[in-house]
Amino acid sequence: MRETAGKLLAEGTVDVVIGYGRLETGAVGAVFVTKVADVDKLVWNDECHQDLVVYLTRKETKKLGRPAVVVKGCDARAAVVLANESQISLSDVYLIGMVCPGMKNTKAANDASGNLPLYDRCLTCQDRVPRHVNAVIGDEAKTNLLSPEEAATKGNFARLAKLRAMSPQERLDWWSHEFSRCVKCYACRQNCPLCYCNQCVADKNRPVRIDTSSTLKGNFAWNILRAFHLAGRCVGCGACANACPAGIDLDLLNLTLAMTAEKEFGHVSGREVGTAPLIGSFSEQDKEDFIR
Amino acid sequence: MSQIITREQLKSLISELVKADTLVAAPVATEKGTCFFQYVNESARVVLDAGTSVANSIKEFFFPRHEEICRFVRQANDVVVTDAPVFDKRQVIFGVRPCEASSLPVLDPLFAWDYQDRFYQSRRANTTVVSFACTHTDPHCFCSDMGGSPDNASGSDALLFDLGDGSFEVRTFSDKGKALFEGRTSSSDRTGKACEAPAKTLDLDAIRHWIDAHFNDPMWDEETYRCVGCGACTYSCPTCHCFDIVDEGSFAKGKRVKNWDSCQSALFTLHASGHNPRGTQGQRQRQRISHKFSIYPAKFKVFLCTGCGNCTRVCSTSLGVKPMLDKIADKTKQK
């Protein structure tokens, strides 16, 4: 990875490599390498959970010039969605794809063997080898992938199944309890690679579309709206849930919609380049007849 | 002689307070084990452990994230405005860290300056703060630099020291604190002790001087590329206090409310013309750091930070105040 990054910078293919580094606080997070001499700052390990694709649409990082970005399988899918939605051109960015063993959940308690467990979305991941990237680094044989059938019963899918087994009232109570902690800091939105709107509907104040108040009503409005806006778009990278200071399982809302998109429309976001966005397209073969 | 109370007695105290219609806030664990300060209606779920790390700040019990200021109703050609009632309950907050409690004396002058903020002041007057002296620190703690310590009593009505056997030494510092524990403690010759204070590393005068002289330094942009511009740092900060006033409801009737706002959001300073005087995330970080370490102390003679480290703990990119101060400290040493 460092070699690739160094070569790209030395040859002038890119101006900045957005990758993972050991930060001054001891955590692993985004570093912005613009000089060949600094490529040693880049690291790759099982703490690289942040989705760095979020920086591709930030104006502060655009100023740094042509970017290369270190991506995992899920992050690569986010970059493909950005391309499919005409927000970036894949020919203008260099995606350094890392074969991913799954990331450690640094917020969880140690498991029985004294290690941090993987994020449960990593346990069920089907994208350990990034696709549509410019380089794939790592041993593809060591990805330790669960079969889709097995994955569907574990990790985040199991967490969702537990929710779905509840009665509607129980489920509403559960979400009310979770959303009561939301402070509307918008960490979910800001960390999401696909929340790139120039003006978010939550920021519209002439007139106000969603209460800015962090009341249960305002919190439901915001979180449900965001989930719907990510329907058929979310790639399940988990950046929203990881960033939430209130520890709300936002990924479950998005997972429900992603499963629906796949089941009803055969759509898996970011899997293929050139796919029309699910919400932004229609088919005459649609099973609902209102469309014809 | 010291005064002792057991954890079970503390839980009974909470139950009694709740029954007597007193609002009680304390750390409560979620399913996943993370603790948050929340209002409780029974003592069962409360975590009363001096070592508990709590993810949110106690500020929302003094300066709620959402608060009604007044209501309005349109009648014929007139608008009738009714003031929101002043907070008149009693509330007690348990399990507060000294760095959180010490934010209250920092905020007091702000809410009693040109405008006497009755919303804050009534909550402050009616609240008893019961803190736990710290039993450990983590790498994000820097209370020593900000004049605090693991057993700092500032802002606390009572400070409890964990004796390690399910009991606590109680020290009270105000009439409210004394009244709360009156007749509930037993005498003992045992005394508690807080953990060691984090090392002091910062020269705040030099940092303040650097901030004042480097408004346009490229550092602000260069060192903040990783900030994604959410408000988690400001909303978890016990001293950040910015708010927005908005009207909710319809043309016919509604309410005017005060909601938390964050200087880290681009919308915070966006002008109606479309111009944004703080157009980059670096400029917004500069504002936050300058406000805490230069602007506020110039006005109120106290830093707007207690070194609690909440901002860095909640930050998805591990930024926050201390990493920024360290970067500035490096700059001050370069010359």
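Helices (H or I, at least four residues) and strands (E, at least two) are DSSP runs, numbered from the N terminus. All views show a predicted model, in which local features need pLDDT of at least 70 and side-chain atom pairs count only at pLDDT 80 or more, while totals for chains, interfaces and linings use all residues. Residues are numbered from 1 along each chain as its sequence is written, chains are lettered from A in the order in which they are written, and side-chain values use heavy atoms, with hydrogens and water left out.

**View 1. A:Ser176 in helix 7 of chain A.** Helix 7 of chain A spans residues 168–179 and contains A:Ser176. This serine counts as buried because its relative accessibility is 18%, where buried means under 20% relative accessible area, exposed over 50% and partly exposed in between (1.4 Å probe, protein chains only). Beyond residues up to four places away in sequence, A:Ser176 touches A:Leu216 and A:Phe220, a contact being heavy atoms within 4.5 Å.

**View 2. The open sheet of chain A.** The sheet has 5 strands in the order 2-1-3-4-5, with mixed pairing; two strands pair if DSSP finds at least two bridges between them. Strand 2 and strand 5 of chain A are at the edges with a single partner strand each, so one side of each has no neighbour in the sheet. From one strand to the next, the twist averages 30 degrees, with axes taken as lines fitted to C-alpha atoms (for helices over the stretch in contact) and angles running from 0 to 180 degrees between N-to-C directions.

**View 3. Helix 1 of chain A against the sheet.** Helix 1 of chain A lies across strand 1, strand 2, strand 3, strand 4 and strand 5 of chain A, and runs at about 170 degrees to strand 4 of chain A. Helix 3 of chain A also packs on the sheet, where it touches strand 1, strand 3 and strand 4 of chain A, and its direction makes about 135 degrees with that of strand 3 of chain A.

**View 4. The interface between chain A and chain B.** Here 42 residues of chain A are in contact with 37 residues of chain B. The area buried between the two chains is about 3000 Å², of which carbon and sulfur atoms give 52%; buried area is the accessible area (1.4 Å probe) that two parts lose on being put together, summed over both. Between chain A and chain B the count is 4 salt bridges, each a side-chain nitrogen of Lys or Arg within 4 Å of a carboxyl oxygen of Asp or Glu. A salt bridge links B:Arg226 with A:Glu24, whose closest N and O atoms are 3.2 Å apart.
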